[in-house]
Amino acid sequence: MDTDILITVLAGILLVVAAVGTVYPVLPGSLVAIVTLLAWAWAVGTWPAWVAAIAGSLICVVGWSASAVLTGRKLKQLEVPGRSILVAAVGGVAGMFLIPVVGIFVGFAAGLLASEAVRHRDLGQALRSSLQTLKAMGTGVLIEFLLVCVAASVWSAGVLFHFWAR
C-alpha cells in the first residue's frame, strides 16, 4: 500500500477524533487537529499538502481563540468566579466515571449549579446563572467544533490536490 494513502487515512481518522475532542473535552480538539494537519503535510511533503495544512491550522487557531475569548468575555460579564468553573470541572470528571458517555456533561452542569447555589444562596438565581454560563460555554464549543470541521474540509481539498499533483 502507498504510504501517502496510509498517512492520509490516519490523518483523516485523527481529524475526526479532533472534532469529537472539541465537543467531548477529553482531548484538546483544536490542538490535535493542528498537529495532525502539520504532521500530514510534513509526511506527504507536497505544496498542496502544506497549503491545506497551514490554512487549516490557522482556521483551528481562530476557532480555539474565538472559543476562549468569547467564552471568557461572557463569563466575565456574568461575573462567574473561577471557583464555580473549577467545581464544575471536578463535577465533570466525577460524572465521567459515574455515568458512562454523558457523565462529563451532567457532572459539569451539576457541579456548576451546586457552586452557584452556594454563591447566590438562591436556587432560582443559581439556575439562571448556570444556564447562562452553560450557554456561553456551549457557544464557544460550537464555534471551535465548526472551525475544526472547516479545517478538515480544507484538508480534504488539500488531499484531492495532493493526489492529483503527484
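**Surface, pocket and contacts**

Me: Where is V17 placed?
Reply: V17 sits in a helix that covers residues 3-23. The model is a predicted one, and the element in question is helix 1.

Me: Is V17 buried, partly exposed or exposed?
Reply: The relative accessibility of V17 is 31%. Because partly exposed covers the range between the 20% limit for buried and the 50% limit for exposed, V17 counts as partly exposed.

Me: What is the volume of the largest pocket, and which residues are closest to its centre?
Reply: The volume of the largest pocket comes to about 660 Å³. There are 26 residues in its lining, and those closest to the centre are T22, V23, P25, M137 and V141.

Me: Which helix gives the largest share of the lining of the largest pocket?
Reply: At least two lining residues come from each of helix 1, helix 3, helix 4, helix 5 and helix 6. The largest share amounts to six residues, and the element that supplies them is helix 6.

Me: How many residues of the lining of the largest pocket are nonpolar?
Reply: The lining of the largest pocket includes one charged residue and eight polar ones. The nonpolar residues of the lining number 17.

Me: Which residue meets R119 in a salt bridge?
Reply: The count of salt bridges comes to one. R119 takes part with its side chain, at 2.7 Å from N to O, and the two residues both lie in helix 5, three residues apart, or about one turn of the helix. The partner of R119 in the salt bridge is E116.

Me: Is E116 buried or exposed?
Reply: R119, at a relative accessibility of 28%, counts as partly exposed. E116 has a relative accessible area of 0%, so E116 is buried.

Me: How far apart in space are S84 and R119, C-alpha to C-alpha?
Reply: S84 belongs to helix 4 and is buried, with a relative accessible area of 0%, whereas R119 lies in helix 5. In sequence S84 and R119 are 35 residues apart, and in space their C-alpha atoms are separated by 8.6 Å.

Me: What is the phi of E79, and where is E79 placed?
Reply: E79 is not a glycine, yet its phi is positive, at about 60°. With a relative accessibility of 60%, which is over the 50% limit, E79 counts as exposed. The place of E79 is the loop between helix 3 (47-78) and helix 4 (82-98).

Me: In which loop is R121 found, and what is its phi?
Reply: R121 is in the loop that runs between helix 5 (103-120) and helix 6 (123-165). At 75% relative accessibility, R121 counts as exposed. R121 is a residue other than glycine, and its phi is positive, near 55°.

Me: What distance separates the C-alpha atoms of L15 and T36?
Reply: L15 is part of helix 1, and because its relative accessibility is 5%, L15 counts as buried. Along the chain L15 and T36 are 21 residues apart, and the separation of their C-alpha atoms is 7.0 Å.

Me: How far apart in space are F161 and G45, C-alpha to C-alpha?
Reply: F161 is placed in helix 6, where F161 counts as partly exposed at 47% relative accessibility. F161 and G45 are 116 residues apart in sequence, and from C-alpha to C-alpha their distance in space is 12 Å.

Definitions and conventions:
Residues numbered from 1 in each chain as written. Predicted model: local features only at pLDDT ≥ 70, side-chain atom pairs only at ≥ 80, totals over all residues. Heavy atoms only, no water. Helix = DSSP H or I, 4+ residues; strand = E, 2+ residues; numbered from the N terminus. Buried < 20%, exposed > 50% of the residue type's maximum accessible area, 1.4 Å probe, protein only. 1 Å grid on protein atoms, 1.4 Å probe; cavity = no way out; pocket = protein on both sides within 12 Å on 5 of 7 lines; lining within 4 Å. Points joined across faces, edges and corners; volume = space filled by probe spheres on them. Nonpolar A, V, L, I, M, F, W, Y, C, P; charged D, E, K, R; others polar. Salt bridge = Lys/Arg side-chain N within 4 Å of Asp/Glu carboxyl O.
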